[in-house]
Amino acid sequence: LRSVWGAYKKHAMGADELEPVNNKPVYWDRSNKQMVTLVDTLDTLYLAGCISEFNEAVDYLAEHFNFTPSGNVALFETAIRVLGGLLSAYALSGDARILSKA
């Protein structure tokens with residue numbers, strides 16, 4: 001997990017996805033950064049005991065995440081991966097910065 005997180009952090013921190021073959025970041029909507037991979041990974045980092053990586057991700061989230069829909073959004077992806085990821089990470093950690101982003 002640390003290896004995969006390290007690759008995401010190095011090549012695509014804040015992007016929605018990382019293309020694994022060419023190490024390119026992918027943004028679903030450049031005007032509205034959802035940070036889907038970062039948010040979706042928070043609970044996994046926490047549960048796997050990668051607390052320093054979790055804290056680093058939360059620090060980045062707190063500084064850079066500002067989800068304001070500006071058109072069509074993928075409802076399922078947004079509800080399950082973004083909102084669900086934020087709420088589950090908050091439930092595990094109790095970090096109010098995460099809840100404020102939900």
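Trainee: Which helix does Leu87 lie in?
Mentor: Leu87 sits in helix α4, residues 75–93; helices here are DSSP runs of H or I, at least four residues, numbered from the N terminus. Keep in mind that this is a predicted model, where local features need pLDDT of at least 70, side-chain atom pairs count only at pLDDT 80 or more, and totals for chains, interfaces and linings use all residues. Residues are numbered from 1 along each chain as its sequence is written, and side-chain values use heavy atoms, with hydrogens and water left out.

Trainee: OK, is Leu87 buried, exposed or partly exposed?
Mentor: Partly exposed, because its relative accessible area is 41% (buried is under 20%, exposed over 50%, partly exposed in between, with a 1.4 Å probe and protein chains only).

Trainee: Switching to the inside: which residues have the most contacts in the largest nonpolar core?
Mentor: Leu38, Leu42 and Leu61, in a core of 21 residues. Such a core is a set of buried Ala, Val, Leu, Ile, Met, Phe, Trp, Tyr and Cys residues joined through side-chain atoms within 4.5 Å.

Trainee: And which helices supply it?
Mentor: α1 (2–12), α2, α3 (51–64) and α4 each supply at least two residues. α2 gives the most, with five.

Trainee: What does Leu42 touch?
Mentor: Beyond its neighbours within four places in sequence, Leu42 contacts Phe54, Ala57, Val58, Leu61 and Ala89; contact means heavy atoms within 4.5 Å.

Trainee: Last one: where does the Thr37 side chain reach?
Mentor: To the backbone oxygen of Asp16, at 2.5 Å. Thr37 itself lies in α2, residues 36–47.

Notes: Polar contact = N/O pair within 3.5 Å; in protein donor to acceptor, adjacent residues only side chain to side chain.
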